[in-house]
Amino acid sequence: MSRVDGGRDDALIFTGARGGILRRSNFRRAAKWDENTRKIGFPGLHFHDLRHTGNTIAAGSGATLRDLMERMGHDSVRAALIYQHSTAEADRKIANAMDDTITQARPRGS
C-alpha cells in the first residue's frame with residue numbers, strides 16, 4: 001500500500017492549506033472538525049477524546065505507568081493513573097494468571 005506521507009513516522013495527520021502545522025487557535029476550523037466528526041458518525045467528539053482513547057488502549061495493552069508518562073509527556077504519575085481504568089477483561093486476566101500460578105505450585109495428586 002502506498003502512503004501519502006512516504007512512510008515517515010513523524011508525518012502530520014492534520015495540516016494547514018500549505019501542509020504546515022495547524023495551531024490550536026485555528027485547528028477546529030481548518031480541519032473542519034465538526035463537519036468531519038459528523039460524517040464519521042461521532043458528532044460532538046473532542047480532539048482530546050482521541051488522546052484519552054489512545055492512552056486508555058495503551059494502558060490496557062500492559063503499558064507501565066512510566067510508558068504512559070513518556071507517551072503523554074507528563075512528569076506526574078497521577079496523570080498516567082487516569083488511564084489505568086479497571087476493566088472486566090483486565091480483572092479476568094489477573095484472575096486467570098493467579099489461578100495458573102496456584103495450579104502450577106500445587107503438589108501433584110492434590
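User: How is a pair of aromatic rings described, and how many aromatic pairs does a search of the whole structure find?

Analyst: A pair of aromatic rings is described by the distance of the centres and the angle of the planes. Rings of Phe, Tyr and Trp (its six-membered ring) pair if their centres lie within 6.5 Å, with planes under 30 degrees apart counted as stacked, over 60 as edge-to-face and the rest as tilted. The whole structure holds 3 aromatic pairs, and one of them, Phe27 with Trp33, is tilted, at 5.6 Å centre to centre and 50° between the planes. Trp33 and Phe47 also pair, with centres 5.6 Å apart and planes at 65°, so this pair is edge-to-face.

User: Is Trp33 buried or exposed?

Analyst: Buried means under 20% relative accessible area, exposed over 50%, and partly exposed in between (1.4 Å probe, protein chains only). Trp33 is buried, with a relative accessible area of 6%, whereas Phe47 is partly exposed at 44%.

User: Which residues make up the largest nonpolar core?

Analyst: A nonpolar core is a set of buried Ala, Val, Leu, Ile, Met, Phe, Trp, Tyr and Cys residues joined through side-chain atoms within 4.5 Å. The largest one has 8 residues in all, Ala58, Ala59, Ala63, Leu68, Met69, Met72, Ala80 and Tyr83. A second, separate core of 5 residues includes Leu22, Phe27, Trp33 and Leu45.

User: Which residues do these values use?

Analyst: Local features need pLDDT of at least 70 and side-chain atom pairs count only at pLDDT 80 or more, while totals for chains, interfaces and linings use all residues of this predicted model. Residues are numbered from 1 along each chain as its sequence is written, and side-chain values use heavy atoms, with hydrogens and water left out.
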